Amino acid sequence: VKAAPSPEIVRVLMFATQLVLAGAALVYAVRYGLLIYNRNSLLNSLIAMAADWLGIAASVAVMAVLLGCFIVLVKWLIARRAAAFSYHGLPEHRSTRRLWAGCLLPFANLVMAPVYVIELALVEDHYERVRKPIYLWWLAWVVSYVVSLFAIATSLASDAQGIANNTVMVVFAYLVAALTVAGVARVFEGFERKPVERPAHRWLVVGADRPVASAAPAPVEPEGQEPAA
């Protein structure tokens, strides 16, 4: 069974990813405010340059931390699937290369990564418990894709209004991405609360605690006589 990243590392990385995404959204929100200010008053060139470079630095940091988060989560998923399939005596029908491709390839991962997680939940027999977090994460991921595509499509705008609109879209893209990572964290915790080796159900012996009916007392009077008053 492949070694999985420790839960502490996964949690720290997901939390750091959310912080970087929130910080990037704040940087672009400030940049939008500067664009509004620049409509009526000339913005200092140093401030404008700093805003541009901070935006670039924030975007690079987001890409780096998202890539690291994806890699760690995929490693965890592959190791968890290997442990679950092995424990239940089932063959893993998806190769490691296929799992990596399905989780990292753009657009393909939008469908395949949640499918891989659902398969894991079914094998571990606690799909009903994690179904809602999985679908909420999936929905957030679809919305994140749509908003990010709009932000990319409008990034080539050259007029002031177009640049301002794109800045707003980038802010929303980063916020929705942070929400998506929070959804992933909730799914992760749903699995980590139940180790692979511990069954999802508690089996009880029916009737074990029921009192055994006592035998009827033997009659005091000899056979054929009326009971004593």
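**Helix packing in a predicted model**

Student: In what order do the elements of the protein chain run from the N terminus on?

Tutor: The model considered here is predicted. Its protein chain has 6 helices and 0 strands. Read from the N terminus, the order of elements is therefore α-α-α-α-α-α.

Student: What share of contacts between residues at least 6 apart in sequence joins residues at least 24 apart?

Tutor: The protein chain has 229 residues, of which 34% count as buried. Among its contacts between residues at least 6 apart in sequence, the share that joins residues at least 24 apart is 75%.

Student: Are helices H1 and H6 roughly parallel or roughly antiparallel to each other?

Tutor: Helix H1 spans residues 7-40 and helix H6 spans residues 160-192. They pack with their axes 9 Å apart, at an angle of about 165 degrees. Angles over 145 degrees count as roughly antiparallel, so the relation of H1 to H6 is roughly antiparallel.

Student: How many nonpolar residues does the contact of H1 with H6 have?

Tutor: H1 passes H6 in a left-handed crossing. By class, their contact includes 4 polar and 4 charged residues, while the number of nonpolar residues is 24.

Student: Is Thr180 buried or exposed?

Tutor: Thr180 is a residue of helix H6. Its relative accessible area is 7%. Because buried means under 20% relative accessible area, Thr180 is classed as buried.

Student: With which residues is Thr180 in contact, leaving aside its neighbours within four places in sequence?

Tutor: Thr180 lies in H6. With neighbours within four places in sequence set aside, the residues in contact with Thr180 are Trp137, Ala140, Trp141 and Ser144.

Notes
Residues numbered from 1 in each chain as written. Predicted model: local features only at pLDDT ≥ 70, side-chain atom pairs only at ≥ 80, totals over all residues. Heavy atoms only, no water. Helix = DSSP H or I, 4+ residues; strand = E, 2+ residues; numbered from the N terminus. Buried < 20%, exposed > 50% of the residue type's maximum accessible area, 1.4 Å probe, protein only. Contact = heavy atoms within 4.5 Å. Axes fitted to C-alpha atoms, helices over the stretch in contact; angles between N-to-C directions. Parallel < 35°, antiparallel > 145°, perpendicular 65-115°, else oblique. Left-handed = near helix turned anticlockwise from the far one by under 90°. Nonpolar A, V, L, I, M, F, W, Y, C, P; charged D, E, K, R; others polar.
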